[in-house]
Amino acid sequence: MKTVRWIVPVTLLLLRPLTILGAAEYAVGADLSFLKQAEDHGKSFKDMGVAKPGLEIFKDHGYNWIRLRLFHTPTDLPNSLDYTIALAKDAKKLGYRFLLDYHYSDTWADPGKQFLPKAWEGLSHAQLVKAVFEYTKETMSAFHDAGAAPDMVQIGNEVVNGMLWPDGRIPENWDNFADLVKAGIAGVYAGTGDAPRPRIMIHIDRGADKARTKYFFDKLNSYGVDYDVIGQSYYPWWHGSLNDLRENMVFMALEYKKDIIVVEAAYNWRPAEYTKRPGPFPETPEGQKQFLEEVNRVVQETPNGLGKGVFWWEPAVTGPLGSRGFFDDAGNALPVMTTFDKYTRH
């Protein structure tokens with residue numbers, strides 16, 4: 001392996017604050033990145049027929065974490081810095097903990113696409129590493145200054161194939177990818193100042209794929225990347241069975257001894273993905289709830305208590321993806337909303 005070309009001064013890695021957040025409480029989480037847009041456009045969400053702010057509805061049903069994505073300079077999507085800070089502030093006022101998801105792109109970043117922000121096009125590798133560090137530091141400082149500091153931070157989104165392509169695409173550019181990840185982590189620490197540092201998550205989309213998970217994290221760990229939490233996406237129609245998920249959770253816990261969160265999961269309450277083949281659960285309101293119950297059970301049964309939570313991806317989304325949400329077309333909460341009542345009410 002070639003020596004990793006860490007461009008930002010290594011002394012920045014020593015700025016990690018001494019006051020460190022302890023292991024996270026069990027995360028009953030939701031990615032609500034589109035919630036503010038929906039409500040700003042007049043969408044009303046209802047629980048038992050009563051209209052309430054969406055954040056309050058989720059809080060009433062045991063949700064204690066919110067996940068929000070951040071795009072660099074979005075043009076078609078709302079997830080700018082100002083928008084994300086505003087939503088994070090609202091969540092913090094209600095007592096939510098906050099996971100910030102850096103996409104390092106102007107639009108969606110996932111295993112099939114990791115577009116450079118337009119502002120970073122044409123940069124050399126050294127310039128790109130510096131840009132990642134400075135951008136992360138500045139945005140983290142902005143969240144802190146607004147009283148909306150994240151409790152956990154993702155360095156990239158579903159980065160199983162790298163990020164910031166082509167420079168950080170893997171497997172061909174592992175050295176570059178490691179540099180970029182380390183720059184993001186250093187930026188988080190530098191932007192945190194003397195406050196308790198957020199936990200660092202590395203997120204891939206291989207919840208039910210033990211072999212690919214092992215390849216990715218074995219390689220990442222060989223670069224000495226300093227992170228706290230493994231994040232996985234799990235959508236059964238793309239990723240595999242619940243038994244595959246269980247096997248991988250056991251493997252990760254025993255092999256890496258890190259906290260693990262299923263940070264994206266979803267299932268449809270009406271037919272969408274399983275119209276031509278049987279799914280693991282009916283695509284009905286009750287089937288959707290059964291799916292979340294079983295995913296949560298798998299996570300909670302992870303060895304050594306290292307399964308630390310489940311996040312639903314966009315339960316308040318409207319439009320074509322509304323079939324994966326927690327509300328019907330009239331805005332009424334579906335049965336899945338009550339999944340965690342039995343765990344969180346007393």
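Trainee: Leaving aside neighbours within four places in sequence, which residues is Asp218 in contact with?

Mentor: In this predicted model, Asp218 is in contact with Glu255 and Tyr256, once neighbours within four places in sequence are left aside. Contact asks for heavy atoms within 4.5 Å, so both of these residues pass that test against Asp218.

Trainee: What makes the link between the side chains of Asp218 and Tyr256 a polar contact?

Mentor: The distance is 2.8 Å between the two side chains. The cut-off for a pair of N or O atoms is 3.5 Å, and one atom must be able to donate a hydrogen while the other accepts it. The Asp218 and Tyr256 side chains are therefore counted as a polar contact. The side chain of Asp218 also has a polar contact of 2.7 Å with the side chain of Lys214.

Trainee: Where is Asp218 found, and why is Asp218 called partly exposed?

Mentor: Asp218 sits in helix 6, which covers residues 210-221. Its relative accessibility is 30%. Buried means under 20% and exposed means over 50%, so Asp218, at 30%, falls in between and counts as partly exposed.

Trainee: Now Arg197: why does Arg197 count as buried or exposed?

Mentor: Arg197 has 2% relative accessibility, and buried means under 20%, so Arg197 counts as buried. Arg197 is found in the loop between helix 5 (174-192) and strand 7 (199-204). The side chains of Arg197 and Asp228 are joined by a polar contact of 2.9 Å, and this is within the 3.5 Å limit.

Trainee: What makes a set of residues a nonpolar core?

Mentor: The largest nonpolar core here has 96 residues, and Ile155 and Phe216 have the most contacts inside it. Helix 5 gives the largest share of this core, with 11 residues. Apart from that core lies another, of nine residues, including Ala27 and Met152.

Trainee: Which residues does Phe216 touch, not counting those up to four places away in sequence?

Mentor: Among them are Val159, Trp174, Phe177 and Ile204.

Trainee: How do the residues lining the largest pocket divide?

Mentor: That pocket has a volume of about 350 Å³. Of the 19 residues lining it, Asp110, Glu158, Tyr235, Glu264 and Trp313 are the closest to its centre. The lining divides into six nonpolar, three polar and 10 charged residues. Asp and Glu count as charged, so Asp110, Glu158 and Glu264 are charged residues.

Definitions and conventions. Residues are numbered from 1 along each chain as its sequence is written. This is a predicted model: local features need pLDDT of at least 70, side-chain atom pairs count only at pLDDT 80 or more; totals for chains, interfaces and linings use all residues. Side-chain values use heavy atoms; hydrogens and water are left out. On a 1 Å grid over the protein atoms alone, a cavity is a set of points where a 1.4 Å probe fits but cannot get out, and a pocket is an open set with protein on both sides within 12 Å along at least five of seven lines; lining residues have an atom within 4 Å of a point. Grid points are joined across faces, edges and corners, and a volume is the space filled by probe spheres set on the points. Helices (H or I, at least four residues) and strands (E, at least two) are DSSP runs, numbered from the N terminus. Buried means under 20% relative accessible area, exposed over 50%, partly exposed in between (1.4 Å probe, protein chains only). A nonpolar core is a set of buried Ala, Val, Leu, Ile, Met, Phe, Trp, Tyr and Cys residues joined through side-chain atoms within 4.5 Å.
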